[in-house]
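This briefing sets out selected side-chain and packing features of one protein chain. Please read it alongside the sequence and the coordinates shown here.

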Amino acid sequence: MIPWLEGGAPGFPPVSAALDDPNGLLAAGGALSPEWLLEAYRHGIFPWFNAGEPILWWSPDPRLVLIPDAIRISHSLRKTLRRGRFEVRFDTAFAEVIEACAAPREPGLGTWITAEMRRAYCRMHELGVAHSVESWRDGKLVGGLYGMALGRVFFGESMFTRESDASKVALAHLARFLGARGYVMIDCQMTTAHLQSMGAREMSRSDFCAALAIHTPGGGLPGKWPADAARDIDWC
């Protein structure tokens, strides 16, 4: 049994109260306002639910994280980066990125990135908290990712690709960009073999939340990231 959260001021139960099965389910209800989202992410909680369901809040254990300076780049991906096959931009097409991430992966399947979720994160982007990293080729958006930046932690939400390596290129640039600015980790939420192959590792929820308490306060001020910041990244 999980608690129901009323609207008004945000407030969550301790993450230690999350269920083991399904892993990390903590509470239902509340809202997707900026106040609720900021409170959630600072405490290692994120929303994840399907259309027609109430808002569900999660804090899984363990948590998958990627240390920016520890990203693993394969030989083939490094060749792609050096050749500059894709133009990488920051924060120029946030709505398009989240729309692409929301598209069903297979025909007939739904998506957890509902219209309500898209509106909520676009609002966070307007406030300078949510960001996108985009891979472009021949003037077309072919891959990218989005997430939230609080203090010195980036909370990754989703990525998409329409061409081979397009999302990996975006993630590689994100890691270099964050590492140069003193960010300590990228939250990947759930464990996947794909992200583990790029250097992500599991961290206990207690250690993850302890790190958030240290690193989410302070850091850079909210605001859009420079669109052309990728030009300063050298892959030689």
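Contact is taken to mean heavy atoms within 4.5 Å. The structure is a predicted model, in which local features need pLDDT of at least 70 and side-chain atom pairs count only at pLDDT 80 or more, while totals for chains, interfaces and linings use all residues. Residues are numbered from 1 along each chain as its sequence is written, and side-chain values use heavy atoms, with hydrogens and water left out.

**Gln-189 and Arg-63**

- Gln-189 belongs to strand β10 (residues 185–189); helices (H or I, at least four residues) and strands (E, at least two) are DSSP runs numbered from the N terminus.
- Not counting residues up to four places away in sequence, Gln-189 touches Tyr-41, Phe-46, Pro-60, Arg-63, Leu-64, Gly-156 and Glu-157.
- With a relative accessible area of 7%, Gln-189 is buried; buried means under 20% relative accessible area, exposed over 50% and partly exposed in between (1.4 Å probe, protein chains only).
- The side chains of Gln-189 and Glu-157 make a polar contact at 2.8 Å. A polar contact is a pair of N or O atoms within 3.5 Å; within protein, one must be able to donate a hydrogen and the other to accept it, and residues adjacent in sequence count only if both atoms are side-chain atoms.
- Arg-63, in strand β5 (residues 63–66), is buried at 1% relative accessibility.
- A polar atom of the Arg-63 side chain lies 2.8 Å from the backbone oxygen of Gly-44.
- Beyond its neighbours within four places in sequence, Arg-63 has contacts that include Asp-187, Gln-189, Arg-201 and Glu-202.

- Gln-189 and Pro-60 are 129 residues apart in sequence, yet their C-alpha atoms are 7.6 Å apart in space.
- Pro-22 and Pro-60 are separated by 38 residues in sequence and by 8.8 Å from C-alpha to C-alpha.
- Pro-22 is found in the loop between β1 (4–5) and β2 (25–29) and is partly exposed, with a relative accessible area of 35%.

**Aromatic pairs and a charge over a ring**

- Rings of Phe, Tyr and Trp (its six-membered ring) pair if their centres lie within 6.5 Å; planes under 30 degrees apart count as stacked, over 60 as edge-to-face and the rest as tilted. By this rule there are 11 aromatic pairs.
- Trp-36 and Trp-57 are stacked, at 6.3 Å centre to centre with 25° between the planes. Trp-36 lies in helix α1 (residues 34–42) and Trp-57 in strand β4 (residues 56–58), so this pair ties together parts 21 residues apart in sequence.
- Both Trp-36 and Trp-57 are buried.
- Phe-90 and Phe-177 have ring centres 4.7 Å apart and planes at 35°, so the pair is tilted. Phe-90 is in strand β6 (residues 87–90) and Phe-177 in helix α5 (residues 166–180), 87 residues apart.
- Phe-90 is buried at 0% relative accessibility, and Phe-177 is buried at 3%.
- One aromatic cluster is formed by Phe-90, Phe-154, Phe-177 and Trp-225.
- Arg-89 lies over the face of Trp-136, at 4.0 Å from the ring centre; a charge sits over a ring if NZ of Lys or CZ of Arg is within 6 Å of the ring centre and within 35 degrees of the ring normal.

**Helix α3**

- In helix α3 (residues 94–102), the buried residues are Phe-94, Val-97, Ile-98, Ala-100, Cys-101 and Ala-102.
- The cover over these residues includes α4, β7 (130–137), β8 (140–150) and β9 (153–161).
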